[in-house]
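Please read them beside the coordinates.

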Amino acid sequence: MINGNSVIAQLGEETTYGTGVTPTEQLKISSESLKPVYNKIDEGLATGGRGSGLQATMGIGVEGSMSTLFRADMGYLLKGVLGVEESDNVDGSTVAFKHTYTCIASGEEYHLPSFSAVVDRKVGKFKYTGLKFNNLTLSAASGDYLKCDFDLVGKNEETNATVPTLSPSALKAFKFAQGKVYNGDTEIADVTSMSVAIANNLDYQTQTTATGDYYKEPEAGTRNITCELEAIYAAGVEALRNTYYKSDATLSVKLEFISDEEADTDIPYSLTITLPCCQMSDASANMGGMDTLKQTMSLNVVDNLTDELIVAELVNKTE
């Protein structure tokens, strides 16, 4: 029997979509579900017998997910789901860098990066090529870490893969206790859980006469970005409900995580996610038991055609 703790998962960014590369990053994961998907169809015709006829494969792809904890040197996950990365030194440092990630533009000349993944399940070693990020969620709740869950779609599975010798990140994962949430520059007090979900809505099952058994390179559709917050019910969050849920007003939300480890002297590792233009789609603080009353707030990012949909800034030592 194979113990799940022995599974190795690795990722590497491809130069050409669907052409496998040797991974450069190894992740500690809590689960993975990558698998090939064979679209098998029968003829739908009478067989003259007692059952349906043989099936034939009409399309081949890959789907699956991974779950991990987010660390300051995992910017490749943000690049994968958003597409654009810019980086520069943090002022006053030669070793600390700030990476800024934003959504890639729409158009036939713009493509989200693709990745190859190697998963070593001991009995079998598999490489999955042409992987693109369909969804990614960052979430944290009281007494826990900042979790990262993402869904991938891809082109093909290869067997007997070579597993390079890599080491996972040695940095600590961000913790809920290191996080704060802001409305503009004003902190939202006593938040008990938070999450940001990014959905690229990839079109990943378009097959043409040029693709053979496979599908065209997946392209992003209309991005859906949401934020869920829970906070202890108090006058401050009730004011948010009155101001933003009971109107169509917009607000800017910022989630910030600051590590107790430093990229350079007095420059901590950090993650800041800004959602410049949001509308509140739900807000409630109903009693559900004898526990502390809390208010939940659901926010949708909207495109005002001026600001970025989302800006993620990551400070680390990766150039």
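**Strands, cavities and pocket**

1. The model is predicted. In it, Glu 63 has Val 153 of E10 as its bridge partner. This pair belongs to the antiparallel pairing of strand E5 (residues 55–69) with strand E10 (residues 147–154), which are joined by 8 bridges.

2. E10 also runs antiparallel to strand E9 (residues 125–141), with 7 bridges between them. Here Leu 138 is the bridge partner of Cys 148 in E10. E9 and E10 make a hairpin with 5 residues between them, and Gly 143 in the turn has a positive phi of about 75°.

3. The count of cavities of 30 Å³ or more is 2. The largest cavity has a volume of about 120 Å³. Its lining has 15 residues, and those nearest its centre are Gly 61, Val 62, Gly 154, Tyr 204 and Tyr 215. E5 and E10 are the elements that give two or more residues to this lining, and E5 gives the most, with 4 residues.

4. The second largest cavity holds about 40 Å³ of space. Leu 138 lines the second largest cavity, as do Leu 146, Met 194 and Phe 257, among others. By class this lining has 8 nonpolar, 2 polar and no charged residues, whereas that of the largest cavity has 9 nonpolar, 3 polar and 3 charged residues.

5. The largest pocket has a volume of about 380 Å³. It is lined by 21 residues, the closest to its centre being Glu 25, Asp 73, Gly 75, Tyr 76 and Thr 318. The lining comprises 6 nonpolar, 9 polar and 6 charged residues.

Notes. Residues numbered from 1 in each chain as written. Predicted model: local features only at pLDDT ≥ 70, side-chain atom pairs only at ≥ 80, totals over all residues. Heavy atoms only, no water. 1 Å grid on protein atoms, 1.4 Å probe; cavity = no way out; pocket = protein on both sides within 12 Å on 5 of 7 lines; lining within 4 Å. Points joined across faces, edges and corners; volume = space filled by probe spheres on them. Nonpolar A, V, L, I, M, F, W, Y, C, P; charged D, E, K, R; others polar. Pairing = 2+ DSSP bridges.
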